[in-house]
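Biologist: I've got a model open and I'd like to walk through it with you. Can you take my questions one by one?

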Amino acid sequence: MKKLLTLAVFSSLTYAGDSIDLQHKADDRLIISDTDSAFVAGNGDSAFLQKIDLKTQQVTLLALPEKPIIYSLGKLKSHQGTQAFVLTEQGIFHVNDTEARKLIDIDSVFKSEAFSQFQHQAFTLDANGDGLTDFYLPGIEKQHVYIQQKSGKFSQASLPLRAKTVTHSSEKNLTISHTLPQFPILADVNGDGIDDLMFYEQKRIQYFTSTDHGPSAKGQILVTFDESGKQRIEKLSDFNNDGYPDIHTIESLSEDTGKEKDLDSESIHRVFFSQQTSSGLVFKDSPDIELTLEETSGIANISDFDGDGLDDLAVISFDIGFMDILSIASAAMDNKEVMLDSSISIFKGKNDNQFAKKAAAKKSFEIAMNMNESSSGAGKGIIFKDFNGDGLTDLLIRADTNELKVYFGDAKRGLSRRAKRIKRALPASSTDIYSHDINLDGREEIVLKVNDKKAGFRLDTILLAK
């Protein structure tokens, strides 16, 4: 392990940085847990899983079982800190620096041939509110939950939730495909103090109540939308940072939804804020936020950029021309990124969840975009966090191959007029740019996973001066 301390000034921005050398290949994305640890998988002649203590900068190689498929993180009885769990075709293993110990024999839908490499994919959650990790594994006919007992054993519960099956036949082939339910979102729907399991589809949200014994086998409908209408659920996400999931829907205004999207058309975005009451989680019938945006725009962030106590709106937009459409089509077929001109606009908040019609700030830049993924900007070198500890939301963007820009929250404009620049070696992919408040001082550190062709993989952390 090598530790470097650097100090640099660009455009009046002072920052300090440390570097942590990783011992092995680390080509999967970095997973930062809710403690001081991070984990990263790698694939070479064999699979690797490394645990990084972000405070002590200690890197530990974890022992893996044969033919690992995916891993997830959680808590295990009688063990301190975040633990790693690895799924294979033989079962689920708890892994540490000395051994891989099998916890359960499981035959799941996850098979080695379905994954090109060992990687992170969440299959852990707390399904009964005891603070210990349980396992969620999807299936075709039912979804399976394995509840960790105080004895260290696991008991199984099944949810009667089926995957969607589509059959396509031709003269030569018969193809059957299954779409598994979304990974459940946890929230206390019935108000008993224990989080329940929520699942959403395009037109409805259902949930399974949980007790200290695990989830119920009976699903209940929480929210539905008109099956014949164009409004669909885009996602459940905590938009107002109160710790509870909100509903984001999109309604296309194009005339024919059966055709490909018209990039010149518009869509109505609606956000329904959840409220945690004594009776549980409730949503109003009418949306708290309703916006009409171009098809190539989306909600990127809702938070306080100017410090007036009201949430402001950040909208991400893409400028797509004819040549971009051709590039997008080609990249989408190969699931690759394409460079697009884009911008972030900040609309100041008003009372009753309304926003100014004119943007207070607009920042333009290029980003690498995968059109098969969300247009929110997440994982594309765009991060909305407080980097200088003043309590306001800032914007970090990747401006070039070797340059980051930081626009600080600003009382007048929402974002500062000029960016502070950080010029340094950056990861080849913007998905390897992260942030985390390592020392819990209210300032997010920038975390970079860099692959140096000579020295190998390393983590660089950058702390901006107040």
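Biologist: Let's start with Lys235: is it buried, exposed or partly exposed?

Modeller: Bear in mind that this is a predicted model, where local features need pLDDT of at least 70, side-chain atom pairs count only at pLDDT 80 or more, and totals for chains, interfaces and linings use all residues. Residues are numbered from 1 along each chain as its sequence is written, and side-chain values use heavy atoms, with hydrogens and water left out. Buried means under 20% relative accessible area, exposed means over 50%, and partly exposed is in between (1.4 Å probe, protein chains only). Lys235 has 25% relative accessibility, so it counts as partly exposed.

Biologist: Which residue is the bridge partner of Lys235 in strand 25?

Modeller: Lys235 sits in strand 24; strands (E, at least two residues) are DSSP runs, numbered from the N terminus. Strand 24 and strand 25 (residues 246-252) run antiparallel and are joined by six bridges, where pairing takes at least two DSSP bridges between two strands. In strand 25, the partner of Lys235 is His248.

Biologist: And which strands are the edges of the open sheet there?

Modeller: The sheet has four strands in the order 24-25-26-29, with antiparallel pairing. The twist averages 25° from one strand to the next, using lines fitted to C-alpha atoms as axes and angles from 0 to 180 degrees between N-to-C directions. Pairing on one side only marks the edges, strand 24 (231-237) and strand 29 (289-294).

Biologist: Why is strand 7 largely enclosed by the rest of the structure?

Modeller: Look at both faces: Ile70, Ser72 and Gly74 are buried on one side, and Tyr71 and Leu73 are buried on the other. Strand 7 (residues 70-74) is largely enclosed because the number of its residues that are buried is five of the five.

Biologist: Which residue in strand 11 is the bridge partner of Tyr71?

Modeller: Strand 7 has antiparallel pairing with strand 8 (residues 83-88) over five bridges, and Ser72 stands opposite Phe85 there. With strand 11 (residues 119-120), the pairing is parallel, over two bridges. In strand 11, the partner of Tyr71 is His120.

Biologist: Which element gives the largest share of the lining of the largest pocket?

Modeller: A pocket is an open set of points on a 1 Å grid over the protein atoms alone, where a 1.4 Å probe fits, with protein on both sides within 12 Å along at least five of seven lines; lining residues have an atom within 4 Å of a point. The largest one holds about 1200 Å³ of space, and of its 28 lining residues the closest to the centre are Ile31, Ile32, His120, Ala122 and Phe183. Strand 3 (31-32), strand 7, strand 12 (124-125) and strand 18 (185-187) each give two or more residues. The largest share, three residues, comes from strand 7.

Biologist: What is phi of Ser78 near?

Modeller: Ser78 is in the loop between strand 7 and strand 8, and its relative accessible area of 71% makes it exposed. Most residues other than glycine have a negative phi. For Ser78, phi is positive, near 70°.

Biologist: Last one: where is Asp352, which also has a positive phi?

Modeller: Asp352 has phi near 60° and is a residue other than glycine. At 67% relative accessibility, Asp352 counts as exposed. Its place is the loop between strand 32 and strand 33.

Terms used
Points joined across faces, edges and corners; volume = space filled by probe spheres on them.
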